[in-house]
Amino acid sequence: MAFGVLPPRLNCIADKVPPGSVVADIGTDHAYLPIGLVLSGRSPRAIGSDTKRAPLAAAAANIVDAGVAGQVEIREGTGLSVLTPGEVDVVVIAGLGGVLTCRILEADPAVRFSVERFILQPMIGVEVVRRWIDDNQLKLADEDLVEDEGRLYEVIVAEPRTGSLPAPDDPHGLGPEVIDLVGPLLLKRGHPLLRRHVETKLGQFRKALEELRQAKAPRSAEVRARYQRIADGLAEVLRCLPKS
Ligand SMILES: C[S@@+](CC[C@H](N)C(=O)[O-])C[C@H]1O[C@@H](n2cnc3c(N)ncnc32)[C@H](O)[C@@H]1O
């Protein structure tokens, strides 16, 4: 990959960084995102962190090759612990699971409360992150879907919230489980990739239900009922969407 030319998933994340922001990319791996942000002029400075030596070594080499060693710094350590409060405007956590993303956000409240914007791109369990945001004095400021090499990715932007949570926007009575799965802003704004996104989720729940039916040691009726309720809700979303 040519430095500065980001693949669609990372480019979608970069687009959500307000120009002029200092950014920390937690779990940076190759450091493509901080390098791209600095090369494009969107960020004056960026920090990339990782817990593992091999990605850190690759990131350090890439930063030198890209000629941004003065503006992109690499740090070793877990989650937000590599940062001091107020040091960055924006934190990106991309490519991790939803539960780990929430654990990282939870672990360092002093840093977390100083950040103006989180850009989160969990690979799985995005609904867990949406719930966590609502429960932890943040608000969903933006949501996006992006296709990269045939797969859809969900990108979530969260910002500090003052005051209580507004009433959920749920004109079809879908309930929080289904809305958290689909994404309230994706739903409200009718994202162009929404139908495919919902079809993918519905396919996953139908497959899980089928596996539960065939399982030798069946899970509880409660779990099956929950999956069925969600699948019905997702099917209802599809019925309400305009045909593409
Ligand atoms: C799948 S890669 C994602 C790389 C990049 N963020 C992206 O989206 O392309 C995940 C990276 O996160 C790192 N990682 C895992 N847990 C972490 C943690 N608690 N804190 C910082 N980095 C972590 C891994 O070592 C790995 O390099």
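This is a predicted model: local features need pLDDT of at least 70, side-chain atom pairs count only at pLDDT 80 or more; totals for chains, interfaces and linings use all residues.
**Exercise 1. Find which residues of helix H9 are buried, and work out where they lie around the helix.**

*Solution.* Start by listing the residues: in H9, the buried ones are Leu194, Arg195, His197, Val198, Lys201, Leu202, Phe205, Ala208, Leu209 and Leu212. Next, look down the axis of H9: these buried residues fall within an arc of 160°, so they line one face of the helix.

**Exercise 2. Name the elements that the buried residues of H9 pack against.**

*Solution.* Begin with the strands: the buried residues of H9 pack against E6 (138-148) and E7 (151-160).

**Exercise 3. Is strand E4 largely enclosed or open, and why?**

*Solution.* First, check burial along residues 90-94: five of the five residues of E4 are buried, so the strand is largely enclosed by the rest of the structure. Second, sort the directions: Val90, Val92 and Ala94 point one way, while Val91 and Ile93 point the other way.

**Exercise 4. In which sense does E4 pair with E1 and with E5?**

*Solution.* Take E1 (residues 23-26): its pairing with E4 is parallel, over four bridges, and Ile26 stands opposite Ile93. Then take E5 (residues 117-121): its pairing with E4 is also parallel, over five bridges, and Arg117 is the bridge partner of Val90.

Conventions
Residues are numbered from 1 along each chain as its sequence is written. Side-chain values use heavy atoms; hydrogens and water are left out. Buried means under 20% relative accessible area, exposed over 50%, partly exposed in between (1.4 Å probe, protein chains only). Helices (H or I, at least four residues) and strands (E, at least two) are DSSP runs, numbered from the N terminus. Two strands pair if DSSP finds at least two bridges between them. The arc is that of the directions from the helix axis to the C-beta atoms. Contact means heavy atoms within 4.5 Å.
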